[in-house]
Amino acid sequence: MSQRGLTLPAGEFTIGEMIDAVASYLCRNYVYDLSAVNQQRPMKLHRALSLDALGSEEVLYALLASRNLVALPLDEQR
C-alpha cells in the first residue's frame, strides 16, 4: 500500500482483511459486524491486483455485493 495505490497480493484473504486494507488505504472507518463478516467465504486472487482509490472502492463494493453485503455511508457529506 502506498499513496499511489493499493496492491492486493495474489492468494486468499478474508472479507475483513479486504475491508481493513481499503479502509487503511482510503483513510476511512468502516464499521461492520465481525461475526457476520467472519462467516463469509474468503476471496482468492490468482494474480496481484493494483488499484487506485476509485478502483479499491469498486472492488470492495463488488466483493461485498457478491456476498450479499453492502457498504452504506453514515454521513456521505463528510
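The structure shown here is a predicted model, a point to keep in mind throughout what follows.

In soluble globular proteins, nonpolar side chains tend to be buried together. In this model the largest nonpolar core has 18 residues, and those with the most contacts inside it are Leu-8 and Met-18. Two or more residues are given to this core by each of β1 (6–8), α1, β3 (43–45) and α3, and the element that gives the most is α1, with 7 residues. If neighbours within four places in sequence are left aside, Leu-8 is in contact with Phe-13, Met-18, Ala-21, Leu-45, Ala-48, Leu-49 and Leu-51.

Is Leu-63 buried or exposed? Its relative accessibility is 6%, and because buried means under 20%, Leu-63 counts as buried. Not counting residues up to four places away in sequence, Leu-63 touches Ile-15, Met-18 and Met-43. The C-alpha atoms of Leu-63 and Pro-42 are 10 Å apart in space, while the two residues are 21 residues apart in sequence.

How many salt bridges does the structure hold? The structure holds 1 salt bridge, and it is formed by Glu-57 with Arg-28, whose closest N and O atoms are 2.4 Å apart. Glu-57 lies in helix α3 and Arg-28 in the loop between α1 (15–26) and α2, so the pair ties together parts that are 29 residues apart in sequence. The two partners can also be described by their accessibility: Glu-57, at 17% relative accessibility, counts as buried, whereas Arg-28, at 38%, counts as partly exposed.

The backbone deserves a look as well. Cys-27, which lies in the loop between α1 and α2, has a positive phi of about 55° although it is not a glycine. With a relative accessible area of 71%, Cys-27 is exposed. Asn-68 also has a positive phi in a residue other than glycine, with a value near 60°, and its place is in the segment after α3. Asn-68 is exposed, since its relative accessible area is 74% and exposed means over 50%.

The last stop is the empty space. Rolling a probe the size of a water molecule over the atoms shows where empty space is left. The largest pocket found in this model has a volume of about 710 Å³, and its lining is made of 22 residues, of which Asn-29, Tyr-30, Leu-72, Pro-73 and Leu-74 lie nearest its centre. The elements that give two or more residues to this lining are α2 (34–38) and α3 (53–66). Which element gives the largest share of the lining? That share comes from α3, which gives 3 residues. Sorted by class, the lining of the largest pocket has 15 nonpolar, 1 polar and 6 charged residues.

Conventions
Residues are numbered from 1 along each chain as its sequence is written. This is a predicted model: local features need pLDDT of at least 70, side-chain atom pairs count only at pLDDT 80 or more; totals for chains, interfaces and linings use all residues. Side-chain values use heavy atoms; hydrogens and water are left out. On a 1 Å grid over the protein atoms alone, a cavity is a set of points where a 1.4 Å probe fits but cannot get out, and a pocket is an open set with protein on both sides within 12 Å along at least five of seven lines; lining residues have an atom within 4 Å of a point. Grid points are joined across faces, edges and corners, and a volume is the space filled by probe spheres set on the points. Helices (H or I, at least four residues) and strands (E, at least two) are DSSP runs, numbered from the N terminus. Ala, Val, Leu, Ile, Met, Phe, Trp, Tyr, Cys and Pro count as nonpolar, Asp, Glu, Lys and Arg as charged, and the others, Gly among them, as polar. Buried means under 20% relative accessible area, exposed over 50%, partly exposed in between (1.4 Å probe, protein chains only). Contact means heavy atoms within 4.5 Å. A salt bridge is a side-chain nitrogen of Lys or Arg within 4 Å of a carboxyl oxygen of Asp or Glu. A nonpolar core is a set of buried Ala, Val, Leu, Ile, Met, Phe, Trp, Tyr and Cys residues joined through side-chain atoms within 4.5 Å.
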